[in-house]
Amino acid sequence: EAMALADRIAVMSEGSVLQVGPPLELYRRPKSRTVAEFFGSMNWLEGKVGQGGEVQTEIGPLEAELEGNAGGEMILGVRFEDVQVMNGTARGVNHVEGQISRKVFLGDSILYEVIVGRKKLYAKTSADLNWQGRVVLQVPKEKLVVFPR
């Protein structure tokens, strides 16, 4: 309800204010994992910045907007609805191939569980793609949130 009614929200945890701002800012640019998860489910990836600014993750290299997080180990997060599911082969930036392991009908959307290497990633789409087997996931760099580890 706060997302729909408020023009500013404060997220608190254990008596401390973690972040204050407009709902969209807190949803898209959370300042901590706690704030990010407060507003919904996330895919989390561990990574380390490599040569050229790419982040080496457990699903392969990803480009991310690092903004001051340009070194060391980090955690990347992306919301389920921001992961795009495509047919074909991986051929672009932040594209990875995976295997659909489960598909769950949620009424207004479909949740896909996709195995990429040893990692489970989730993608939520409004359309039933009727795909099984191998797919490509695109993780848009502007949708990734990045936190120091």
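## The nonpolar core

A nonpolar core is a set of buried Ala, Val, Leu, Ile, Met, Phe, Trp, Tyr and Cys residues that are joined through side-chain atoms within 4.5 Å. In this predicted model, the largest such core has 25 residues, and Leu76 and Leu137 are those with the most contacts inside it. At least two residues of this core come from each of strand 3 (42–49), strand 6 (73–79), strand 8 (95–105), strand 9 (110–116), strand 10 (119–125) and strand 11 (134–138), and strand 9 gives the most, with four residues. In soluble globular proteins, nonpolar side chains tend to be buried together.

Which residues does Leucine 137 touch, when those up to four places away in sequence are not counted? Among them are Val83, Val85 and Val96, together with Val114, Val116, Leu121 and Ala123, and the list also includes Gln84, Asn94 and His95.

## Overall fold and dimensions

The secondary structure of the protein consists of three helices and twelve strands. Because a compact globule of 149 residues would have a radius of gyration near 15 Å, the 16 Å of this protein agrees with that expectation. Taken along the principal axes, the box filled by the C-alpha atoms is roughly 45 × 45 × 20 Å.

Of the contacts between residues at least 6 apart in sequence, 54% join residues at least 24 apart.

## Surface and charge

Of the 149 residues, 39% count as buried, while the accessible surface of the protein comes to about 8500 Å², with 48% of it belonging to carbon and sulfur atoms. The protein carries 18 positive and 19 negative side chains, and the centres of these two sets lie 4 Å apart.

Technical notes
Residues are numbered from 1 along each chain as its sequence is written. This is a predicted model: local features need pLDDT of at least 70, side-chain atom pairs count only at pLDDT 80 or more; totals for chains, interfaces and linings use all residues. Side-chain values use heavy atoms; hydrogens and water are left out. The radius of gyration is taken over C-alpha atoms; the globule rule is 2.2 Å times the number of residues to the power 0.38. Buried means under 20% relative accessible area, exposed over 50%, partly exposed in between (1.4 Å probe, protein chains only). Contact means heavy atoms within 4.5 Å. Accessible areas come from the Shrake-Rupley method with a 1.4 Å probe; for residues, only the protein chains shown count as cover. Lys and Arg count as positive and Asp and Glu as negative; His and the chain ends are not counted. The place of a charge is taken as NZ of Lys, CZ of Arg, CG of Asp or CD of Glu.
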